[in-house]
Amino acid sequence: MNRRSHFQRLLLLAASTTVIAGGAVLPSSAMAATAAPHTATVTTAASDHDAHRQHYSLASAKQWVETTDAVSGIKFRLPGKPEVVHFTQAVDGMNGRLYKVRTDNGVIVFAVFDLPSAQGELDDALRGLVDGYNAAAQSPQHKLSSTDVHKITAHGRPGLDARLSAPDGAAGSARLIAGDAHFIEIISLSPKGKEKPMHETYQQLLASVHNPHTHATRAD
């Protein structure tokens with residue numbers, strides 16, 4: 001399988017990512033088309049030392065879970081113990097892990113695909129995410145579009161940030177990062193009226209990411 005077809009496989013997995021996320025926002029059975037979640041080993045860490053803890057109540061702070069993607073060594077915190085979906089080379093054409101947490105304000109997803117040097121396809125990946133989500137939408141009111149798309153540097157690697165929105169008021173954010181050995185996707189989605197608290201959760205997740213293969217650099 002050539003380099004381009006590998007990335008096309010990533011787009012299919014990216015579509016699955018957004019379908020999984022969309023199941024928490026759309027009034028549909030979108031999750032029926034996704035892989036069954038598997039339990040992953042995660043490390044629970046009290047968030048008392050989090051630099052952004054002033055934005056959260058003590059009750060919500062205790063729910064944050066430090067998670068390590070065992071293959072890449074990437075560490076991050078999620079607002080609860082995640083459900084985990086595993087993608088494999090044998091079944092899906094590519095190895096990857098997807099970590100999903102539902103909250104009262106929406107859903108947040110952190111995905112790691114074992115795909116090196118994909119920075120040239122960041123725009124295609126964003127289109128794949130939006131198209132995958134919209135494939136499960138039951139009406140035009142639920143379909144997402146991406147806005148405020150701009151290139152960034154995250155942890156020393158090229159990336160892309162975008163805002164997501166739908167006519168029904170659903171909103172969210174997406175960050176794609178093309179690492180030397182792994183492709184990272186971070187997505188948040190919330191229904192109308194929950195945008196602000198979900199965006200705060202998303203920002204705290206972004207601030208918690210530690211990639212041992214890159215030097216820590218704030219996004220441009």
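Biologist: In what order do the strands form the open sheet?
Modeller: This is a predicted model, where local features need pLDDT of at least 70, side-chain atom pairs count only at pLDDT 80 or more, and totals for chains, interfaces and linings use all residues. Residues are numbered from 1 along each chain as its sequence is written, and side-chain values use heavy atoms, leaving out hydrogens and water. The order is 4-5-6-10-9-8-7, seven strands with antiparallel pairing. Strands are DSSP runs of E, at least two residues, and helices are runs of H or I, at least four, numbered from the N terminus; two strands pair if DSSP finds at least two bridges between them.

Biologist: Which are the edge strands?
Modeller: Strand 4 (83-87) and strand 7 (145-154), each pairing on one side only.

Biologist: And what packs on the sheet, touching strand 7?
Modeller: Helix 4 (residues 122-135), which also touches strands 8, 9 and 10; contact means heavy atoms within 4.5 Å. Its direction makes about 30 degrees with that of strand 8. Axes are lines fitted to C-alpha atoms, for helices over the stretch in contact, with angles from 0 to 180 degrees between N-to-C directions.

Biologist: New topic: where is confidence lowest?
Modeller: In strand 1 (residues 43-44), at a mean pLDDT of 35; pLDDT is the predictor's confidence in each residue, from 0 to 100. Over residues 24-61 the pLDDT is below 50.
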